[in-house]
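The entries below are in the order in which I looked things up.

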Amino acid sequence: MNSDWIPFAARAVPRYTSYPTAADFTSAVSESDAGAWAASVAPGKPLSVYLHIPFCETLCWYCGCATSVPNGYRRVGEYAARLKAEIDVWARALGPHGGIGHLHFGGGSPNALQADDFAALIEALRGSIGIRPGAEIAVELDPRTMHDGQVEAFAAAGVTRASLGVQTLAPAVQTAVNRIQPPDMVAGLVASLKAAGVAAINMDLMYGLPHQTTEDVVAAAQFAAEQGAARISVFGYAHLPWFAKHQKAIDEAALPDLIERLEQAGAAADALVAAGYLPIGLDHYARADDALAVTHREGRLRRNFQGYTDDPCETLIGMGATSISQFREGFVQNLKDRKAWSEAVAAGRLPVERGIAFTPDDRLRARAIERLMCDLAVDAAEVCREMDAPESSLDDALDRARALQSAGLCTVSETRIDVPDAARLFLRTVAQCFDARTLAAPQQRHAKAV
């Protein structure tokens, strides 16, 4: 490991699943903007839809997601009913479109939904918005809280991909983060999903957890490969107890230091590459025949709020409390307070709280950031030509990248920036060179680079 990189690893940097980032959203963008943008979607073009299920049967202490423990099913059932109503609200707002091409249930834990409520949401989407033939329907699952009949219900509803939260298999680490999950439990769920016809399996792993060692991370990576996961993500734990209050239960003294985090991430990458996986962008790995690897090879990889994706849709509709939607004109975020969200939906209103309208400069920089995050390379002049901007528009980013070149984080040749594979973990740091907003007003709320 290059010792010059350690100071960069400690910097707070956005994840760049969007640009501008959610830290720039304001109440200046409202429901009326969302309605106008929804009405102007490109006719005939497919949509993506994300449904947020903000419930878990138990809280994992590392989690930074918007979720809670419902203590029974009543709250979950009421939320599902209101979510079904929100589908109708958005359906009325949307202009002519080509139906849903990608559908993703995230959380929280979508398997907090009972099978009949899950099926009812799918049917509501089919009836009100439409789901295209061959659409990908993906669901995030917590292996610890699957109930009888859920796998079969997911398959019957048309689920094509399941993403399993594995994180770690080390017992001491699982205890430290309040997520007890034996390997046999995960393997059993994988077998059940495949037997039911849900053949595409993703697995999420983590490094940097309390008491975690490099050997622990490698063992989890090898397990995921042995289970035949089509895609594997390896995320660094972001310790933000001022933002995610339950992270205060984690013993900070037990967290690996920056050098250990770098070693863990590197060891996971080596193990997955040795197992035949292709590295995708910052922290994803895919089998060569998976659509993510195919789009990466063809230069069509995208990055959105769900991370790296083969989804080409330019419109993403987020439903549920806190969800974010993306339109050609900007981003909007739903109300975070569930009561306020529910009341807005009950009144037939788009439950929007805030957002941001894109400027031409935002679009230009967003395109450059996405290509760099996906391809580990970007030609600034080429992006300017593509976006009809003066070729000097991103010269400030090139100047900032040249300052990183001396540390070996990237190379700059005329208007092209390349990030070497060895510096892949610092993609976000290099991408920040294009981020005029965060550099103008630094945000400490972001996670460390590594």
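These notes concern a predicted model.

Cys60 is in none, and the nearest cysteine sulfur to its own, that of Cys56, is 6.6 Å away. I then checked Cys63, whose sulfur has its closest cysteine counterpart in Cys65, at 3.7 Å. The cut-off for a disulfide is 2.5 Å, so the distance from Cys63 to Cys65 is too far for a bond. Cys60 is buried, with a relative accessible area of 7%. Cys63 also counts as buried, at 14% relative accessibility.

**Core**

I next asked which residues touch the most other members of the largest nonpolar core. They are Leu103, Leu125, Leu164, Met319 and Phe434, in a core of 129 residues. Apart from this one lies another core, of 11 residues, and I noted Cys60, Tyr62, Cys63 and Val177 among them. In soluble globular proteins, nonpolar side chains tend to be buried together.

I listed the contacts of Met319, leaving aside neighbours within four places in sequence. They include Val49, Tyr50, Leu51 and His52. Leu83, Glu86, Ile87 and Trp90 are also in contact with Met319, as are Leu125, Ile129 and Asn334.

Met319 belongs to strand β11, residues 316-319. I checked which way its side chains face: Leu316 and Gly318 point one way, Ile317 and Met319 the other way, and all are buried. In a regular strand the side chains alternate between the two faces of the sheet. Strand β1 (residues 47-53) runs parallel to β11, and 4 bridges join them. Val49 in this pairing stands opposite Ile317.

**Sheet with β15, β16 and β17**

I traced an open sheet of 3 strands and read its order as β15-β17-β16, with antiparallel pairing. The edges are β15 (377-379) and β16 (411-413); each has a single partner strand, so one side of each is left without a neighbour in the sheet. Ignoring direction, neighbouring strands here are turned by 15° against each other on average. Between β15 and β17 (residues 416-418) I counted 3 bridges. Ala377 is opposite Asp418 in β17.

I looked for helices on this sheet. Helix α14 (residues 395-405) packs on it, touching β16 and β17, and makes about 130° with the direction of β16. Helix α12 (residues 360-375) lies across β15 and β17 and runs at about 145° to β15.

**Helix α12**

I checked the length of α12 against expectation. At 1.5 Å a residue its 16 residues should span 22 Å, and the end C-alpha atoms are 23 Å apart, which agrees. The buried residues I noted in α12 include Asp362, Leu364, Arg365, Ala368 and Ile369. Glu370, Arg371, Leu372, Met373 and Cys374 are buried too. Just after α12, Leu376 takes a positive phi of about 60°.

Most residues other than glycine have a negative phi, and most peptide bonds are trans.

Asn71 has a positive phi of about 55° although it is not a glycine. Asn71 sits in the loop between β1 and α3 (74-93) and is exposed, with a relative accessible area of 72%. Thr322, likewise no glycine, has a positive phi near 75°. Thr322 is in the loop between β11 and β12 (324-326) and is buried, with a relative accessible area of 18%.

For cis bonds, I found one from Tyr19 to Pro20, with omega near -5°. Pro20 lies in the loop between α1 (6-9) and α2 (31-39). Another cis bond joins Gly107 and Gly108, where omega is about 10°. The loop holding Gly108 is between β2 (100-107) and α4 (115-128).

**Lys448**

I ended with Lys448, in the segment after α16 (436-440). Which residues does Lys448 touch, not counting those up to four places away in sequence? They are Ala9, Ala10, Arg11, Ala12, Leu258 and Arg428. The C-alpha atoms of Lys448 and Phe8 are separated by 8.8 Å, with the two residues 440 apart along the chain. Lys448 counts as partly exposed, at 48% relative accessibility.

Methods. Residues numbered from 1 in each chain as written. Predicted model: local features only at pLDDT ≥ 70, side-chain atom pairs only at ≥ 80, totals over all residues. Heavy atoms only, no water. Buried < 20%, exposed > 50% of the residue type's maximum accessible area, 1.4 Å probe, protein only. Core = buried A, V, L, I, M, F, W, Y, C linked by side-chain atoms within 4.5 Å. Contact = heavy atoms within 4.5 Å. Pairing = 2+ DSSP bridges. Helix = DSSP H or I, 4+ residues; strand = E, 2+ residues; numbered from the N terminus. Axes fitted to C-alpha atoms, helices over the stretch in contact; angles between N-to-C directions. Expected span 1.5 Å × (residues − 1).
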